[in-house]
Amino acid sequence: MCFEFERILLDRLGPGVTVIDEVTGFRYFDARDLLGFVDGTANPTGLDLPASARVGDEDADFAGGSYVVVQKYLHDMQAWARIPTPEQEAIIGRTKIDNIEIDDDDAPRKSHKSLATIEDADGNEYDILRDNMPFGRPGQNEFGTYFIGYSRYLWVTEKMLQRMYIGEPPGAYDRLLDVSTPHTGTTFFAPTRPMLQTLVQAN
Ligand code: HEM
């Protein structure tokens, strides 16, 4: 289905676009990333899902749409394999085999899951919907994660990135980045179908 959609889309766009990079993702065992951890567990579900991922009445012109941040990460699998499993688990914030959350409130260094948890002053948590895709070419020693995050408020994803890269406290950055490097990325706004139709009619 995605392949066919891509073919039709590129056919319609014709010479109006130039393809610079093409990445084909796939689902790995138990929805794990190539680092071996189950990825996507803390995603919002039920009514929390649209509340986290779709713009609401606060921005009526854009309601129903979503801010989509993508980043193409490549992993240094050799370096990752040298890190003992308990340390990998402390880096991610979950156990590797059974995917149980690790409480690291008192740990000297926050895990990826804790750095990516966003709360306001009143303790309200702000989620995003993640749809990370593993990708790679073992023959080329290429192993990666295509991060895809949908958010209602762009500031939430930005804050996650800030906490991962700058660290909390500053300097205590996300150690996932010691073995994962973003090579490209961008921010899209995905409008609703009626909004797209309005744009078409306006031209
Ligand atoms: C190399 C790229 C990345 C990998 C391999 C990765 C992997 C993971 C894994 C294994 C978890 C724990 C299971 C889960 O709840 O899904 C997790 C949690 C999470 N990640 Fe990532 N991640 C990556 C990049 C990012 C980025 C760039 C962001 C945000 C901008 C992000 C946001 C989150 C959030 C919000 C959680 C859930 C935190 C919670 O428990 O509430 N991740 N990630």
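**Exercise 1. Work out whether N141 is buried or exposed, and what its phi looks like.**

Solution. N141 has 11 C-beta neighbours inside 10 Å, so N141 counts as exposed. Next, place N141 in the chain: it lies in the loop between β5 (133-137) and β6 (142-151). Helices (H or I, at least four residues) and strands (E, at least two) are DSSP runs, numbered from the N terminus. Finally, check the backbone: N141 has a positive phi of about 55°, although it is not a glycine. Most residues other than glycine have a negative phi.

A word on the model before going on. It is a predicted one, where local features need pLDDT of at least 70, side-chain atom pairs count only at pLDDT 80 or more, and totals for chains, interfaces and linings use all residues. Residues are numbered from 1 along each chain as its sequence is written.

**Exercise 2. Find the cis peptide bond and say where its proline lies.**

Solution. Look at the step from E168 to P169: that peptide bond is cis, with omega near 0°. P169 belongs to the loop between α6 (154-165) and β7 (180-190). For context, most peptide bonds are trans.

**Exercise 3. Which residues of α4 are buried, and what follows the helix?**

Solution. In α4 (residues 85-92), the buried ones are Q88, A90, I91 and I92. Their cover includes α5 (112-115), going by contacts (C-beta atoms, placed from the backbone, within 7 Å). After α4 comes G93, with a positive phi near 95°.

**Exercise 4. Describe the shell around the ligand: how many residues, and of what kinds?**

Solution. The elements giving two or more residues are β1 (66-75), α5, β6 and α6. By kind, the shell splits into twelve nonpolar, nine polar and five charged. Here Ala, Val, Leu, Ile, Met, Phe, Trp, Tyr, Cys and Pro count as nonpolar, Asp, Glu, Lys and Arg as charged, and the others, Gly among them, as polar.

Notes:
Buried ≥ 20, exposed ≤ 12 C-beta atoms within 10 Å, placed from the backbone. Contact = placed C-beta atoms within 7 Å.
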